[in-house]
Amino acid sequence: MKIIEDKFLPSHFVSRYEDITPEFLKAHNIKAVMTDLDNTLVAFDAADADDNVLKWIKTLEESNIKLLILSNGNKQRVAEFAEPHGIEYISAAKKPMLANFHKGLKILGTKKANTVMVGDQLMTDILGANRVNINSILVVPVKEKDGWATYLNRRIERVIMKYFKRKNMITWEE
């Protein structure tokens, strides 16, 4: 169904956020990354950035690629993660609602065509990015277990992913 493809098919799939290199981004004319936090960069119950996340952030920085965390997580959770590393963020973003995607673009100072949303959920990250018409990258969740609020989304997501697999629209598997 065309609506499922339009709303939920990401521009790209990768196994992990580390696979999103500055070279990949520059090849796609991307100058800024909006990224989800929980189960995209770290497990939903991990408080701090690990060495791999910090290395990835530094790599983006050194390549002049802007970064913003766009998370549905609460302010305290997102601030405690982002502020020690000087990362811009929007918490309680209410993805897939559009307002904070637009706010993120303003903060980053980039155009839609030069910005990508990275996330682990079709129902929030990818749907929101597609609705606002920016590129999106779906990553495999960092941790299999999710918070309670994500449970229903994951069930719906499984149905959509099966559809994409049947239509040969998914090019990776774990």
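This report describes the sheet, the helices lying across it, the salt bridges and a surface patch of a predicted model.

In this predicted model, local features need pLDDT of at least 70 and side-chain atom pairs count only at pLDDT 80 or more, while totals for chains, interfaces and linings use all residues. Residues are numbered from 1 along each chain as its sequence is written, and side-chain values use heavy atoms, with hydrogens and water left out.

**Sheet and helices**

Helices (H or I, at least four residues) and strands (E, at least two) are DSSP runs, numbered from the N terminus. Two strands pair if DSSP finds at least two bridges between them. An open sheet is formed by six strands with parallel pairing, in the order β1-β6-β5-β2-β3-β4. Because β1 (12-14) and β4 (88-90) each have a single partner strand, they stand at the edges, and one side of each is left without a neighbour in the sheet. From one strand to the next, the twist averages 25°; axes are lines fitted to C-alpha atoms, for helices over the stretch in contact, and angles run from 0 to 180 degrees between N-to-C directions.

Three bridges join β3 (residues 66-70) to β4 in the parallel sense, and Ile 69 stands opposite Tyr 89 in β4. Helix α4 (residues 75-82) lies across β3 and β4 and runs at about 170° to β4. Helix α5 (residues 99-108) lies across β2 (32-35), β3, β4 and β5 (115-119), at about 155° to β3. Contact here means heavy atoms within 4.5 Å.

Strand β5 pairs in the parallel sense with β2 over four bridges, with Val 118 as the bridge partner of Thr 35. Four bridges also join β5 to the parallel strand β6 (residues 135-139), where Asn 135 is the bridge partner of Val 116. In a regular strand the side chains alternate between the two faces of the sheet. Both faces of β5 are covered: Thr 115, Met 117 and Gly 119 are buried on one side, and Val 116 and Val 118 on the other. Buried means under 20% relative accessible area, exposed over 50%, and partly exposed in between (1.4 Å probe, protein chains only).

**Salt bridges**

A salt bridge is a side-chain nitrogen of Lys or Arg within 4 Å of a carboxyl oxygen of Asp or Glu. By this rule the count comes to six, including the following pairs.

| Pair | Closest N and O atoms |
|---|---|
| Glu 18 and Arg 16 | 2.7 Å |
| Asp 36 and Lys 95 | 2.9 Å |
| Lys 58 and Glu 62 | 3.7 Å |

Asp 36 lies in the loop between β2 and α3 (51-62) and Lys 95 in the loop between β4 and α5, so their pair ties together parts that are 59 residues apart in sequence. Asp 36 is buried at 6% relative accessible area, and Lys 95 is buried at 6%. Asp 36, Lys 95 and Asp 125 are linked in a network of salt bridges.

Glu 18 is partly exposed at 24%, as is Arg 16 at 42%. Lys 58 and Glu 62 are four residues apart in helix α3, and are therefore separated by about one helical turn; Glu 62 is exposed at 56%.

**Surface patch**

Tyr 151, Leu 152 and Ile 156 form a nonpolar surface patch with about 320 Å² of accessible area together. Patches are made of residues with over 30% relative accessible area and no salt bridge, with like charges joined within 9 Å and nonpolar side chains (Val, Leu, Ile, Met, Phe, Trp, Tyr) within 5 Å. Accessible areas come from the Shrake-Rupley method with a 1.4 Å probe; for residues, only the protein chains shown count as cover. Ile 156 is found in helix α7 (residues 151-166) and counts as partly exposed at 35% relative accessibility.
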